[in-house]
Amino acid sequence: MKRPLYPLALGNFAIGTGMFVTAGLLPPIAGDLGVSQSAAGQVMTVFALAYAVLSPVLAALTARLSRKRVLLIALAVFVLGNTLTALAPTYSLVLATRVVAAAGAAMFTPTASGVASALTDPEHRGRALALVMGGISVSSAIGVPLGTWLGGMSSWRATIWMVVGLGVVGFAAAAALVPDVRLPTAAGLRGRFAPLRDRRVLVVLATQLLMFAAAFTAYTYIGSLFDLPLTAVLWAWGLGGVVGNQIGGRLTDVYGPRRMVLVALAASTGFLALIPVANLALPVALVWAFLWGALGWLVGPAQQYRTVAAVPGNVPIGLGLLSSAQYVGLFAAGVAGGVALDWYGRTGVVVLSTGLALVTLLFTLATYRPEPRPALAEAARA
């Protein structure tokens with residue numbers, strides 16, 4: 001059943017590129033639109049906030065549709081939003097068009113994970129989720145560095161047109177290869193938030209929010225943290241992310257999610273603290289970025305596994321909430337990181353991101369209790 005998973009990964013590749021590439025385009029965006037770099041960083045922040053808010057709403061509105069139709073509508077909206085971004089003449093219009101693009105992403109990524117879970121046998125679910133979400137990690141290795149280079153050589157709008165092309169290819173692949181799947185789910189908006197009454201779900205979502213707030217406080221403003229060639233640093237981070245995501249899926253299947261989550265959080269805390277050291281020389285930065293990406297991305301499949309285990313009867317809703325928590329974290333990172341950059345410079349950004357990472361690690365140690373192996377096996381069969 002791997003064949004239908006590749007179009008899902010390709011769609012996530014387009015979405016990940018469109019979302020994260022703006023971190024490498026802050027100078028050209030700021031120059032073209034006549035705003036500061038911290039203001040340019042809000043292009044990603046608005047996308048993240050819109051995604052977090054719209055994900056449960058749009059999931060409720062599309063609950064009765066087949067999952068394939070939702071995937072195609074999502075990619076069409078994503079392509080439209082990015083087309084409007086590429087054409088928008090002012091900063092305010094660029095922000096508005098990012099909301100449209102985020103609406104497509106908010107429909108696609110949770111649906112893709114739900115379809116992957118439904119199409120895969122329990123013993124390989126961690127690897128299937130890693131493959132589909134691997135599209136986002138691959139985008140950080142290929143799409144984001146390529147888009148950053150293109151934005152520097154041509155314009156940031158050329159990069160957005162590249163994202164439009166990727167979205168069109170993803171739409172065609174999904175239309176041709178993804179089967180028509182229907183998943184049981186609550187249709188109403190109230191049902192979308194029902195899992196929040198479960199403490200297990202809340203702690204997973206809190207970890208996701210804090211984890212992304214920590215990492216993307218640094219990543220969103222990475223162009224302001226390094227004096228070295230940014231494309232090379234982003235490429236190394238993305239390549240590490242691809243490796244970590246794939247290894248993380250396999251290790252989650254073997255060792256369970258808790259160990260992977262804690263290892264990833266501990267590693268991320270250490271690597272965020274080492275940003276000033278990484279900025280000393282390009283070889284050091286490349287090794288640092290690869291290891292940060294590889295160890296940090298171990299957590300992705302494990303967090304999805306935790307979510308599936310917590311809401312086995314309502315996987316699409318659980319994964320949608322996980323995505324919303326992730327993007328609330330990105331929103332918080334964009335706002336807090338921008339304030340830290342304006343007030344305290346790059347040192348403030350590093351201290352804030354490292355502090356948030358340490359809080360995430362301590363919170364997870366306190367709330368994520370070890371599960372017996374039979375419980376993990378039961379979760380895999382769900």
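**Exercise 1.** Which element gives the largest share of the lining of the largest cavity? Describe that cavity in this predicted model.

*Solution.* 
1. Searching the whole structure for cavities of 30 Å³ or more gives 3.
2. For the largest cavity, the volume comes to about 450 Å³.
3. Its lining consists of 32 residues; M211, F212, G296, W297 and V299 lie nearest the centre.
4. Two or more lining residues come from each of α6 (91-119), α7 (125-153), α10 (199-219), α13 (257-273), α15 (282-296), α16 (299-310) and α17 (315-367).
5. The largest share belongs to α17, with 7 residues.
6. Sorted by class, the lining of the largest cavity holds 20 nonpolar and 12 polar residues, and no charged ones.

**Exercise 2.** Are α10 and α16 roughly parallel or roughly antiparallel to each other? Characterise their packing.

*Solution.* 
1. Two quantities describe a pair of packed helices: the angle between the axes and the distance between them.
2. For α10 and α16 the angle is about 160 degrees, and the axes lie 9 Å apart.
3. Angles over 145 degrees count as roughly antiparallel, so α10 and α16 are roughly antiparallel to each other.
4. The crossing of α10 past α16 is left-handed.
5. On the α10 side, the contact is formed by R200, V201, V203, V204, T207, Q208 and M211; on the α16 side, by V299, Q303, R306, T307, A309 and A310.
6. The class count for this contact of α10 with α16 is 7 nonpolar, 4 polar and 2 charged residues.

**Exercise 3.** Which residues of the contact between α10 and α16 also lie nearest the centre of the largest cavity?

*Solution.* 
1. The residues nearest the cavity centre include M211 and V299.
2. In the helix contact, M211 belongs to α10 and V299 to α16.

Key:
Residues are numbered from 1 along each chain as its sequence is written. This is a predicted model: local features need pLDDT of at least 70, side-chain atom pairs count only at pLDDT 80 or more; totals for chains, interfaces and linings use all residues. Side-chain values use heavy atoms; hydrogens and water are left out. On a 1 Å grid over the protein atoms alone, a cavity is a set of points where a 1.4 Å probe fits but cannot get out, and a pocket is an open set with protein on both sides within 12 Å along at least five of seven lines; lining residues have an atom within 4 Å of a point. Grid points are joined across faces, edges and corners, and a volume is the space filled by probe spheres set on the points. Helices (H or I, at least four residues) and strands (E, at least two) are DSSP runs, numbered from the N terminus. Ala, Val, Leu, Ile, Met, Phe, Trp, Tyr, Cys and Pro count as nonpolar, Asp, Glu, Lys and Arg as charged, and the others, Gly among them, as polar. Axes are lines fitted to C-alpha atoms, for helices over the stretch in contact, and angles run from 0 to 180 degrees between N-to-C directions. Angles under 35 degrees count as roughly parallel, over 145 as roughly antiparallel, 65 to 115 as roughly perpendicular and the rest as oblique. A crossing is left-handed if the near helix is turned anticlockwise from the far one by less than a right angle, and right-handed if clockwise. Contact means heavy atoms within 4.5 Å.
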